[in-house]
Amino acid sequence: MWRLHRYYLKELAVNAAITFIVLFGVVLISLVYRGIQRSQGGELLDAAKITLFWALDAVPHLLTISFLIATVVTYTRAAQDRELIAVRAAGISPRVTMQSAVLVGIMLSVGASFANHYMIPAVHFMKYRVIKEVVRSAFINLNLGSDRIKLPGGRVLTFRERDTDTQDMIDCTVYSPTPISKDLKSRIIFVDRVSMPPPKAWDASSDIQIVLTGVREPNLGSAALEGGELRISVPLDQIGSAGGRHDKDEDVGSDQLLAEIMRGVHADPRRATYTLFRRCSFALMPALLAPIGFCIAEMARHRGRVFALMLALVPLAMFYLGEVLGARFLISTNNPWCGWMPVVLLSVVGVPLVWRQLRR
């Protein structure tokens with residue numbers, strides 16, 4: 001009997017690995033643009049880290065989908081080659097053949113449980129913080145990568161060129177809805193040179209010092225200030241917090257989340273409980289899909305692998321439909337048990353199918 005299990009375990013492992021590599025590669029490539037976009041203010045290595053973290057966030061879903069596809073393809077091939085018929089003719093129950101898929105599904109469920117409760121929340125937290133959040137937000141909000149920089153108070157600074165050695169901005173114009181200084185009456189001023197420290201030198205506890213040298217008004221040919229210099233201090237915390245992201249339940253491990261619920265310190269215990277139930281549902285998904293995939297493959301032996309793969313979309317669609325409905329019901333009913341909705345819908349579809357196919 002072990003030889004039969006080893007035969008199907010090997011084929012399942014190979015098909016699942018190939019499918020996972022292909023799906024993970026597609027997801028990784030599709031997230032390159034997002035990684036580059038979110039890495040503004042950082043380096044190329046930061047963009048690569050962000051892309052990798054976003055791809056790792058989808059690993060539990062990809063593993064489950066890869067396993068379902070591998071199960072359907074493996075047993076559809078066995079059914080078309082009459083292997084499953086030969087096993088039944090030998091007096092061996094189809095449950096024995098299915099045990100290989102169930103064993104792999106249980107192993108994946110154990111791994112998915114660890115990933116959903118501990119690894120994915122950590123990855124979800126880190127993918128937003130590869131670059132120091134305050135520096136990245138300040139870089140984006142100030143728009144330092146272009147020739148138009150927005151300053152607090154509705155002011156806008158434009159420049160014609162940038163010094164390649166010092167990165168200072170030369171031949172600048174500042175537009176301000178109110179006079180930028182009590183010595184200046186015009187809302188538009190010309191500046192010969194504007195300098196500010198580079199993003200890497202910024203400290204979250206300090207302010208950005210913007211030095212305007214050669215300040216003059218349009219109707220004056222000479223400098224309007226003594227020495228023609230003006231300093232503007234911009235709070236970095238104020239800029240970095242603009243459009244910031246607050247921590248959510250998805251960023252917290254299940255042990256910490258459960259501790260906050262039991263101690264009564266969580267702001268929304270019902271939503272936190274829903275998050276825990278949702279993670280458990282996703283962890284059970286591979287084990288639940290193993291017998292369903294086997295029965296779909298055996299049922300579609302006369303119609304081929306393509307038809308079997310199309311049928312495999314039904315349990316996947318039901319599971320993710322339950323995910324959407326659970327979130328909607330949580331909003332309307334405020335009941336955390338809605339987190340089990342994917343398992344309920346998948347069971348409604350899978351139990352009759354498995355019962356009918358295994359008793360044939």
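Is the crossing of α10 and α12 left-handed or right-handed? I looked it up, and the crossing is left-handed; that label applies if the near helix is turned anticlockwise from the far one by less than a right angle, and right-handed if clockwise.

Before going on, I noted that this is a predicted model, where local features need pLDDT of at least 70 and side-chain atom pairs count only at pLDDT 80 or more, while totals for chains, interfaces and linings use all residues. Residues are numbered from 1 along each chain as its sequence is written, and side-chain values use heavy atoms, with hydrogens and water left out.

**α10 and α12**
I found the axes of helix α10 (residues 269-299) and α12 coming within 9 Å and crossing at roughly 35 degrees. Axes are lines fitted to C-alpha atoms, for helices over the stretch in contact, and angles run from 0 to 180 degrees between N-to-C directions. Helices are DSSP runs (H or I, at least four residues), numbered from the N terminus. On the α10 side I listed residues including Leu288, Phe294 and Glu298, which meet α12 residues including Leu346, Arg356 and Leu358; contact means heavy atoms within 4.5 Å. I sorted this contact into 13 nonpolar, 3 polar and 2 charged residues. Here Ala, Val, Leu, Ile, Met, Phe, Trp, Tyr, Cys and Pro count as nonpolar, Asp, Glu, Lys and Arg as charged, and the others, Gly among them, as polar.

**α11 and α12**
Next I checked helix α11 (residues 305-333) against helix α12 (residues 341-358): they pack at about 145 degrees, axes 7 Å apart. I noted a right-handed crossing for this pair. Among the contact residues are Met318, Phe319 and Phe329 of α11, and Pro342, Leu345 and Leu346 of α12. The class count came to 12 nonpolar, 2 polar and 1 charged.

**α4 and α11**
I then turned to helix α4 (residues 59-80), which packs with α11 at about 145 degrees, axes 10 Å apart. This crossing is right-handed. I picked out Ile65, Leu68 and Arg77 among the α4 residues in contact, and Arg305, Leu309 and Tyr320 among those of α11. I logged 10 nonpolar, 3 polar and 2 charged residues there.

Terms used:
Helices (H or I, at least four residues) and strands (E, at least two) are DSSP runs, numbered from the N terminus.
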